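Here is a briefing on one protein model. Look through the sequence and the structure first, then read the points below.

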Amino acid sequence: MSHLFPTYSKWEIEPESAQGSYLYSKNGGVYLDFTSGIGVCNLGHCHPEVKAAVEHQLNKFWHVSNLFPLAVQEKAAEILTNASGLDLVFFANSGAEANEAAIKLARKATGKTKILTFKQSFHGRTFATMSATGQDKIKQGYGPMLETFEYVPFNDLNALKEQLTEDVAAVMLEVVQGEGGIYVASQEFLQGVEALCKEKGVLLLIDEIQTGMGRTGKAFAFQHFGIKPDIISVAKGMANGIPTGAIVADGKLKEFFGPGSHGTTFGGNPLAMAAAIKTMEIIFEPAFLEAVEKKSEWVFSLLKEKLAGNQHVKDIRGLGLMIGIELDIPVASILGELRKEGLIVLNAGEKVIRLLPSLNTSPEDFIKGMEIMQKSLNIHAKVTI
């Protein structure tokens, strides 16, 4: 009997160890992992340089609280601001906490409470971030949500314009809707959103929790589109598996997060900061990001080649190494079949297979994964004809 709440539908694989792009189970199974812990281990499992950085900090001290100046926090914050073009950082423990901080900062700075988000978005599972999320399924059973969020169709600038009234504090969006199905915002839409926000004096919040940390081939996904947000939230891949998160914001917002205005016991933990520093130093190298972009072009081409002609494949979309394969049938059983063949992938909604491989996955492992997927989907197509 398990003593855990059954909040997760557990897979049949119990991990024993993991290294790079591979996970090894207790029963001897070997699995190519194209989930990266849901977009977290962007450098693969147990990266040796990140491990060494954590071990070094582990031998110094683990926790002292945010009452002390900490050089590891300052260094991590400097890397984040340099990479994003923004100015100030608040460290949290997770993506949901980072989005909570972004929401609080936007409301305090503007003196307004309404925030516009988008249908099919996902921003977290706390009450504020659940309320911000444009999917009803995660809200069921919890009673009334916070009433200060309104939802706009994604990629629809005219719809946003209609709802962008004078009582709006901020617009909050994902450049690529991850949990919502791997839908990429258009450049026209994002630049239009930025222009409207500036015109109306509204803050632009970009949720980079799944899209940041090199996932799309840039340090942050918004950088593909020639825009500059007021606040971004980051987490997931920031420390390659050690829990952490942050917001990075424009310097004009400094006065609104003064002493006592917000806080967290574990945010900016020295072990997490050590992991984050090393992870970001590796990922934010221009040559590393350029390699991710080139790899993305090749992987999309490979996917289209391998899955061409499959009757169930309706679309292959995404940005960088955040990839969605839309089918015309539910994918739950297919994910199970792929695991039996040694490939671990995710879903993004009912009919989308989501790929979030580590950014340094080898070409050989990509080919291996694509061939497993091709075989399984082709067999499934023949069975269901």
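A search of the whole structure finds eight aromatic pairs. Rings of Phe, Tyr and Trp (its six-membered ring) pair if their centres lie within 6.5 Å; planes under 30 degrees apart count as stacked, over 60 as edge-to-face and the rest as tilted. This is a predicted model: local features need pLDDT of at least 70, side-chain atom pairs count only at pLDDT 80 or more, and totals for chains, interfaces and linings use all residues. Residues are numbered from 1 along each chain as its sequence is written, and side-chain values use heavy atoms, with hydrogens and water left out.

**Aromatic rings**

- The ring centres of F118 and F154 are 6.0 Å apart and the planes are at 75°, so this pair is edge-to-face.
- F118 lies in strand 5 (residues 114-118), and F154 in the loop between strand 6 (149-152) and helix 6 (157-163), so the pair ties together parts 36 residues apart in sequence.
- Helices (H or I, at least four residues) and strands (E, at least two) are DSSP runs, numbered from the N terminus.
- F118 and F154 are both buried. Buried means under 20% relative accessible area, exposed over 50%, and partly exposed in between (1.4 Å probe, protein chains only).
- F118 also forms an edge-to-face pair with F189, at 5.6 Å centre to centre and 80° between the planes.
- F189 lies in helix 7 (residues 187-200) and F118 in strand 5, so this pair ties together parts 71 residues apart in sequence.
- F189 is buried, as is F118.
- Ring pairs also link F34, W298 and F366 into a cluster.

**Salt bridges**

- A search of the whole structure finds 15 salt bridges. A salt bridge is a side-chain nitrogen of Lys or Arg within 4 Å of a carboxyl oxygen of Asp or Glu.
- One of them joins K75 and E281 (3.4 Å, N to O).
- K75 is in helix 3 (residues 71-84) and E281 in helix 8 (residues 270-283), 206 residues apart.
- K75 is partly exposed, at 39% relative accessible area. E281 is partly exposed too, at 30%.
- E179 and R354 also meet in a salt bridge (3.0 Å, N to O).
- E179 sits in the loop between strand 8 (176-177) and strand 9 (183-184), and R354 in strand 17 (residues 352-355), 175 residues apart.
- E179 counts as partly exposed at 24% relative accessibility, whereas R354 counts as buried at 4%.
- E194 forms a salt bridge with K198, with the closest N and O atoms 3.7 Å apart.
- E194 and K198 are four residues apart in helix 7, so about one helical turn separates them.
- E194 is buried, at 12% relative accessible area. K198 is exposed, at 63%.
- Salt bridges that share partners join K75, K278 and E281 into one network.

- Four strands form an open sheet in the order 1-2-3-15, with mixed pairing. Two strands pair if DSSP finds at least two bridges between them.
- Strand 1 (15-19) and strand 15 (343-344) are the edge strands, each pairing on one side only.
- Strand 2 (residues 22-25) and strand 3 (residues 30-33) pair in the antiparallel sense over three bridges.
- D33 is found in strand 3.
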